[in-house]
Amino acid sequence: MYRSLEECLVDLERHGQLVRISEEVDPELEMAAIHLRVYAAGGPALLFERVKGSRFRAASNIFGTPERTRVIFRKTLSAVQRLIALKQDPLNVFRHPLQGLATGWAALKALPLRNPLSRPVRAQEVQISDLPLIRHWPMDGGAFVTLPQVYTEDPGNPGIMHANLGMYRIQLTGNDYVLNKEIGLHYQIHRGIGIHQTKAQQLGQPLKVSCFVGGPPAHTLAAVMPLPEGMSELTFAGALGGRRFRYFYDQGWCISADADFVITGEVYPGELKPEGPFGDHLGYYSLTHPYPVMRVRRVYARN
């Protein structure tokens, strides 16, 4: 039950699953090249302790092998499997009552917790240019966030239980984006965030977006999981992490209290800018296309 990404990395190091890189590494192509070679060799997670141009560290290859992922979730995976089984067959709790008690405790951990006493992500307010601006391939349009958690709510039915937490590419620099004021969001209109944007457009209002980076590893995994219909990514994150998803609101924006970074902003109807190109995992560059642009409001970070 990790309270932060930091706790996860320390645990991986204890299990021989992480290597610290103390030399300064350039986020312009060099960092990605190191990562690629280590990943291809089935190597450990990496913690870049000195990123050129940024005072923040960067971690990569955290989920690089199935074995490492099992180490990370070794205490909670069986409970999540029971929860999903219970959703598919509710009568199972009567057939195995003792197992049902354990499942009930896991279900309690799945409930998001609003307004926690501790809000480490509010430690400081920074700018996009302060972050490690990692560019992966020579023809990439700019730096982007890998494994982000992009949070939006249904404008017609707000609240965390009607929210979407998805993994969509966030372009931080390059192209026509105004540094520190605009970032690009790459998503399709049929995704959860696209549905929310359509509803906001129908209401004639901008869509509030919160981009969480880092935090407990269960949050990252929840954003990309193909979950059963009706199961919230935020409740799944709590169950998988063995710790309730902690959040609060800041002038209408939902903030993940345990994230390492949070970028908040708005997407206005009809505002598009060129996004890309980017080296794709299929082995070629995705082309430049117009995608929604997000006007940056605030950027928060842990110490």
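Is R297, with a relative accessible area of 25%, buried, partly exposed or exposed? In this predicted model, R297 counts as partly exposed, because its relative accessible area of 25% falls between the limits of 20% and 50%.

**Figure 1. Close-up of the salt bridge between R297 and D250.** The side chains of R297 and D250 meet at an N to O distance of 3.6 Å. Since R297 belongs to strand 17 (residues 289–301) and D250 to strand 12, the pair ties together parts that lie 47 residues apart in sequence. Whereas R297 is partly exposed, D250 is buried, at 9% relative accessibility.

**Figure 2. Close-up of the salt bridge between R74 and D11.** In this pair, the side chains of R74 and D11 come together with an N to O distance of 3.1 Å. R74 is found in the loop between helix 3 (66–72) and helix 4 (77–88), and D11 in helix 1 (residues 5–14), so that the contact ties together parts 63 residues apart in sequence. R74 is partly exposed, at 40% relative accessibility, while D11, at 5%, is buried.

**Figure 3. Close-up of the salt bridge between D258 and R243.** The closest N and O atoms of D258 and R243 are 2.5 Å apart. The pair links distant parts of the chain, 15 residues apart, with D258 in the loop between strand 13 (253–256) and strand 14 (261–275) and R243 in the loop between helix 9 (233–241) and strand 12 (246–250). D258 counts as buried at 3% relative accessibility, and R243 is also buried, with a relative accessible area of 18%.

How values were computed:
Residues are numbered from 1 along each chain as its sequence is written. This is a predicted model: local features need pLDDT of at least 70, side-chain atom pairs count only at pLDDT 80 or more; totals for chains, interfaces and linings use all residues. Side-chain values use heavy atoms; hydrogens and water are left out. A salt bridge is a side-chain nitrogen of Lys or Arg within 4 Å of a carboxyl oxygen of Asp or Glu. Helices (H or I, at least four residues) and strands (E, at least two) are DSSP runs, numbered from the N terminus. Buried means under 20% relative accessible area, exposed over 50%, partly exposed in between (1.4 Å probe, protein chains only).
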